Amino acid sequence: MKLGRTKGWLLFALCVILAPIVFRNNSYLLIVLILCGINVIMTSSLRAMATVGQMCMGSMAFSGIGAYTSALLTLKAGFPFWAAFPLAGLVAMAVAAIIAFPFVRVTGVYFAMLTLFLGEVVRLIIVEWNSLTGGVTGLTGIPPMGAISLLGVHVDFTSLLPYCYFVFFVMMVTLIVLYRIDRSFLGTTLAAIEKDEDVSASVGINVIKYKALLFCIGCFFFGLAGSLLAHYMRILNADSFSLFGSIYILIYMVAGGRKKFSGPIVGAVVLTLIPEMFRVMKQYQPLVFVAVLFFVLYFLRAGLADLPDKIRHLIKKTHPGKAANA
Amino acid sequence: MWDGVLQGIFNGLASGWIYVLVALGLALVFSILGILQFAHGEIYMLGAYVVYYACVVGHIPFLLALLISALVMGVGGIILERVMFRRIRGEMEPAILAAIGLTLLFQTVAVIAFGGYTKFIPSVFPGVVKLGGVRLSKDRLFAVIMGLVLTSALFLVIKKTKVGKAMLAVSHDPEAAALQGINVNRISSLSMGIGSALAAIAGGLMGSILQLAPHMGTFAITKGIAVIILGGIGSISGAVLGGLILGLVDGLIPLYSSGTMAAIVGFCVIILVLLVRPKGLLGHD
Amino acid sequence: MKKKKLLVKVGVSFFALTLFATICLMGFTDESDAKTLKIGAVWGLTGPGSEIQIIMSQGEELCRDWINAKGGVTVKGEKYQIELITEDVKGTPDGAVTSANKLVHQDKVKFVTGLTVPFLAEAVASVTEPNKIAYWASTFDTMTPKNAYSVSAYTTYVSYKPIIYDYLQKTYPNLKKVAMTEILDPIVQRVAAVGREEIKKRGLTYVGNVQYPFGSQDYYNVLNKVLTYKPEILDINLEWPGGAGALAKQARELGFNGPIMGNSPWDPIFVRDKIGSKEYATDMFFPSFEAASAGADIPPMAKTIIKQWTDKHKTPCIIEVFRGWDPLYTLVQAIEAAQSLDPTDVIKTFEKMKTVDTSQGVSKIGGLKTYGHNHMTLQPCPLTRLNKGQIEFLGWNEIVVP
Amino acid sequence: MLETRGLTKNFGGLCAVNNINITVEPDEIVGLIGPNGAGKTTVFNLLTGFLRPTKGSILFEGMDITSLKPHAITRLGLVRTFQLVRILPEFTVARNMIAASHLHPKIGLWEAIFNTSGYRRKEKEILAGLGEILELVGLTEVKDVLAQNLPYGHQKKLGIAMALATKPRLLLLDESLSGMNPAEVENALGIIDLIRKRGTAILLIEHNMQAVMSICDRLYVINFGTEICRGLPDEVKQDKQVIEAYLGSGKKHA
C-alpha cells in the first residue's frame, strides 16, 4: 500500500483542515497544533537553506528578530497585526540580506558556527537593549491577532481556533512556496550547488548569489514564524530564542530527514508531539526524545520520513526468508 | 580607568587557560573524527563529578582523583567513539544528532543523579598569591600550570611521537593514512579518549575553582567551540591563542561594561575573524 | 549483520523500557479510588536550574502526601484526596504558557501552584487569570491589580531588603559605601532597585553595581569591576546558593573583607562550606536558617516538614523544600476556610483571612496597597550570619508589606 | 576572440605558467599540447577564473575577463570541461543537463514559485534544448540513468554536453579523449567537429597526438609553463624542441 505523493499531500492537507475542528474544545491541543505549525514553518525553511549546503544554527535569532519586530510594532507603535506580521518577515529578511554576502562565503561547519554565534549575539543584544526590548523582563501584554472583516465576513482571530487556522494557512503558503522552489528547475540548480560548487560555477551558476538568496528566503519565514509565536504567547523574553531553540529546529530537520521534502515536516511534528505526549514523565521526559534521536541515528539514517519505505523494505526482506525456512 | 585592569588581565589569562583545556579535546576530536562533539561539555561535566565523588566522598587526594577521572572519562570516550562516533566519522548531520542526543541524555541523568544544591570540591590549595596589586587564588594558579603542562605535553606527543604523526596524517587525509597502513580506527578511538580525558581534567579543575552543576557543560562547550573556531579548528597553537584572546575579552570588557557585553564582544570578535579568515586565525584549508 | 541485530535489540529494549516507565508513571497518577481534588503544579523540571526546582516540586509532593495521610482536604464534610498534576515549564515562557494551558484545558484543574520565577509566574497567570483559575505561586512579586486570582505563597525577595539593611546598619554603623552585584534577571533587577532605595533612605552611599548574565560561573571578572568602586559593603542580592557561596569566596580571594549581604534564603551550612576557610566565611548574612538541624528556634511546621523529608528522602532537608511546600499548604488552608472548591470563593476567602500557617510559622496576609490585593503571605523573615566559620541564627523578624 | 597577454602564474616559488600568449579565432579548433605537468590545466584554470594569474591579462572578445569569477566568465560564453570528469553523480543525466542549462533561458524566482505560463514555456524550451544536445553527443538513450552509473566515456561526454548546455562561444576541453577506446575517440572527434560546425570555437588540451593532429587547425606547445612552439600541426611535428620535450618526458616516464 504505497502512499503516492499526491495522496500523501492530500492526507496532510486533510489533517491540517480537520485537526483544529476536532480539537476545538481543548485549547491545550490547539496550542500544540500551533506549535507544530510554527515548527514546521521553521524547519522547512531551514531545509531550504540546507539545499545549498548551509547548516544554519542561528534560526532562532531571526525568528527572535521577527517576534520582537511585530511585538514592538503592535505594542509601542500601535500597528495592526496585519501590518506588523509581514513586516516581521521583511525585517528579518533585511537583516539577513545585510549580513548574507559576507556570511555565505564561509562554508561548512564554520558557517554553522558563524550562525550559531550570531544567534547568541542577537539574543544577548535583546537582553542588553533594555530600553527597546525590555531586557530580561521582556515584553508582556502583546496584543492578540485581532479581528478582520472581509466582504461582510467577520472573523476574530483572538480566540485560538481561528488563530490555529491562520498559522496553518501561513504554514501551507510557506510549504507551497518552498515546494515549488524545490521541485522547479531552479531547485535542480540549487541542488547542484550543494553537490559540487566548482562544477556549478563552471556551468555558470552564481553560487554566492543563490546561497544568499536562499539564506534571505529562509530568514523571511523564520521572521514570520517568530511573529506567529509572539502573538500566541502574548509575552516575550530572550529565553525563547536561545541557541537551544535553533539546535532543536536543526534536530527536527535532521531527524525528519533532509533528502525528502516531507522530512522536516514529519520531523517537526513528531518531535514537537513527543515531549507533549510524555509530559507525565516529568524530568525523565527528555530520555524519550533521546531514544528517538538514537533510533533515527542507528536505524533510520535517512530520517523519520523514511520509516514507511524502511518498513516496506523490511517486510519484503523477511518474507522470502520465511519461505526458505518453510 | 586603569585600576583593575592588571587584575583583569590576570583573571582573563587564568580563565583563558581553562578554555584552552576544554578546547584542546574538542579540537583533537574534530580534526581526527571530523565532527564537532557538542557532548564534549557533558563529558567535562561528568569528569568533574567523578573527581568530586573520588575526592570528596572517596577521600582520595585531589591529583589522584583527577587522574582517575581522566582515566574513567578517557575509557568512556573510547567506548562512545566505538559505539557511536566511528560510524558517523566526517558526517555533519548525524554527528549533530548524536552529540545533542548525548548532551540531553547526560544532562537529564546528571540532574536526576546529582540533583539538589550544586556540588563543589573544597579548595585544594587554599589561599591566594599576591603579585603587586594582583591577587590570584592558588587553585587558579594550579589550573593555569596544569593547562600549560597538558597543552605542551599534547603538543610534544603530536609533534614527536609516532602516534602523533599518525594522528596528523589521519587529520589531513584518512584514506591516505589508511593506505600508509595507519589503523585509522585505533587513532580515532585514541584521540576521542585523550580528548575526553582532557575534558575530564578541565572539569575537575573547574570544579575545584568554581562549582559543579548538571548544566555546567553548556558554559564549557560554548567557550570551547568559540575558542577552536576563533583559533582555527585542528591547530593547537590556534586553540591556545583563541583561548587567551577570549579570556582577555572576558577579563577586561566587564570593567567598562557588563558581563553580557563581554559575551557579545567575544562572539562579535569571532564572527569578524571568520568573515576575514574563513578558517579561523591559525586555521588552514 | 549480527552487530546490527544486537543494535536492533538494544534500540527496541530501550524503547520498551521508556514506554514501560511512562505507563508506570501514568499508573501512579490516578490510582486513588476516594474522591480526589486535582491540583496543578508547574515547575521547571528540565533545563538550567532544574536541579533546584525538582527539589521544590518534591517538597510540594511531600506536602501532598502529608495532607492525604491526614485524610485529605475536608470540604463540607467531604474528604478529598489531593491529586497533584506536575507539569514541566522547561524554564521558558512558552513552556509555561503551554503547561498552564494543559492543566487548565486538558486536566481541567481549578487550582494551579508553583514557580519561584516571577516572569514565568506571569506567563502562567496570563493563562489562569482569564479562565478564573486560582494560581498559588511560590514567589510572584510582579503581581498587579489585574492578577485577581494569583497568590504569592512564599515571602517575596523584595520584602527581605529592609530587614537585611536594618541589620546591616545595626551591626556595622560606621560602614557607608555599598556596591551591588546583580544577575541579569527580572526579579533580581527589581530587588536591586529596592535595595538602592533603601540605601538612599538610610543615608548610605551607593558606589555602583555590575550586572552579569544568568548562569555565569566565574565571578572574578564581575567582582574585579565591583571592587574598583572601593566598596565597604557588598550586596550580592540574589543567586543560586552555589553562586552565593562562590561569589563570597571569590570576593574574599580578591581581597574584599567588608560585610557581604545576601537577599535570598540560602542554606547556611552549604554556603559556609562552599566558601571554605574560616577567615573567608565571615561577616556574611542573609534571610535564612539551618533547615538541616531542627533546632529550638525553628517553627513547628518546619520541624514537621524536616522530619517528613528526612524520613522520605534520607537526605538533609534544604530551604527549597519549604518553598515547594508552602503554595500547596496555604492553598489547602484557604480551600478549607472557604469550604468550597470554587476558585473565586477560595480567593475571596483568602483575601479575608488575617493569617495563614506556613513553613516559616504563622504569617500575616497583606500587600493590598502594594499589589492591589491581599495576596501575599508575609512570612516571618529569618536571619542568619556567618561569623568566623560559625553559623549564628539571629532570630525571626516581622515583614511589613502595606 | 580569446587572447592572453603575458599570462603568468607562480605557486609560491615555482613558476607554473610563464608568459603565455594564446589567441583563438572564431570557428577555430586550437590545440594546447605538451608533456605532463607542463601547466596546460593551470592555463585553463586561469582562463576560466578558477585561478587568478600572477601577471598578464586575458581578453575574451575584446573584454578583459582577468579578474572575473568562474560563473561570470561562463556567462560570457567561455566554458571549460574538467580533466577528471566532474559531473553531479547523484543526478540523472537529464538532471545534470537541467542544472547546466539554467542560463538559457534564465528562470526567475517568482516564475518558479508561481509556476507561470512563462515558466512552463521555459521548462519546455530547456528540455528541448538539452534533448538536442544529448542527441548531438549521443546520450539520449541514457537520459534517465544516474550519472554515476554511466561508463567513463559517457561521463566525459556528459561533461561536454553540460558545457554545451551553457551555449558557449569558446569551449575549453581538458583531455576529453583520455581514457576512451579508439572507437569512442572516433565518435568524440566527430562530436567536436559538429560542435565547431554549430559555431563554437574550441581550445583543447590533449595527449592523443594523432587525434590532435587530425582535428586541430593550430597548435601551441608548452613545456615547464613556457611556450616552446606554435603553428600548424605539420610544422609542430617537425619542431626539434617539441620532439625533444616529448622524448625527454618520454625518458622521464621510462
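Predicted model: local features only at pLDDT ≥ 70, side-chain atom pairs only at ≥ 80, totals over all residues.
**Entry 1: chain B on its own**

Reading from the N terminus, I noted the order α-α-α-α-β-β-α-α-α-α-α-α-α.

Of the 285 residues, 64% count as buried. Among the contacts in chain B with a separation of 6 or more, 76% come from residues 24 or more positions apart.

**Entry 2: who touches whom**

Which two chains share the most contacts? I found four pairs of chains in contact, and chains B and C come out on top. I then looked for pairs that do not touch. Chain B and chain D have no contact, and their closest C-alpha atoms are 16 Å apart. Chain C and chain D have none either, with 27 Å between their closest C-alpha atoms.

**Entry 3: the contact of B with C**

Back to the pair with the most contacts. I noted 33 residues from chain B and 34 residues from chain C in this contact. On the chain C side, the elements that each supply at least two residues are helix H2 (50–69), strand E8 (205–213), helix H7 (220–227), helix H8 (241–253) and helix H9 (268–275). H7(C) gives the largest share, six residues. Sorted by class, the chain C side has 16 nonpolar, twelve polar and six charged residues.

**Entry 4: the contact of A with D**

Here I found 26 residues of chain D in contact with 20 residues of chain A. On the side of chain A, two or more residues come from each of helix H7 (160–183), helix H8 (185–195) and helix H9 (197–202). H8(A) provides the largest share, six residues. I sorted this side too, and it has ten nonpolar, six polar and four charged residues.

**Entry 5: two helix pairs in chain A**

I first took helix H2 (residues 27–50) and helix H11 (residues 243–256) of chain A, whose axes are 9 Å apart at an angle of about 70 degrees. Angles of 65 to 115 degrees count as roughly perpendicular, so H2(A) is roughly perpendicular to H11(A). From H2(A), the residues in the contact are Asn39(A), Met42(A), Thr43(A), Leu46(A), Arg47(A) and Ala50(A). H11(A) answers with Ile249(A), Leu250(A), Tyr252(A), Met253(A) and Gly256(A). By class I have seven nonpolar, three polar and one charged.

How are H7(A) and H10(A) oriented to each other, and why? H7(A) and helix H10 (residues 207–233) of chain A pack at about 175 degrees, with axes 11 Å apart. Angles over 145 degrees count as roughly antiparallel, and H7(A) and H10(A) are therefore roughly antiparallel. The contact joins Tyr163(A), Val167(A), Val170(A) and Thr174(A) of H7(A) to Phe221(A), Leu224(A), Leu228(A) and Tyr232(A) of H10(A). I reminded myself that an α-helix has 3.6 residues a turn, so residues three or four places apart point the same way. The H7(A) and H10(A) contact has seven nonpolar residues, one polar and no charged.

**Entry 6: one proline in chain A**

I picked Pro20(A), which lies in helix H1 (residues 5–22) of chain A. Is Pro20(A) buried or exposed? Pro20(A) has 22 C-beta neighbours inside 10 Å, so it counts as buried. Leaving out residues up to four places away in sequence, Pro20(A) touches Leu30(A), Leu33(A), Leu161(A), Cys164(A) and Tyr165(A).

**Entry 7: one helix in chain C**

Last, I checked helix H5 (residues 157–171) of chain C, which has 15 residues. From first C-alpha to last, H5(C) reaches 22 Å, close to the 21 Å expected at 1.5 Å a residue. Its buried residues include Tyr157(C), Tyr160(C), Ile164(C) and Leu168(C). Among the elements covering the buried residues of H5(C) are helix H6 (186–201) and strand E15 (381–387) of chain C.

Notes
Residues numbered from 1 in each chain as written. Chains lettered and ligands numbered in written order. Contact = placed C-beta atoms within 7 Å. Helix = DSSP H or I, 4+ residues; strand = E, 2+ residues; numbered from the N terminus. Nonpolar A, V, L, I, M, F, W, Y, C, P; charged D, E, K, R; others polar. Axes fitted to C-alpha atoms, helices over the stretch in contact; angles between N-to-C directions. Parallel < 35°, antiparallel > 145°, perpendicular 65-115°, else oblique. Expected span 1.5 Å × (residues − 1). Buried ≥ 20, exposed ≤ 12 C-beta atoms within 10 Å, placed from the backbone.
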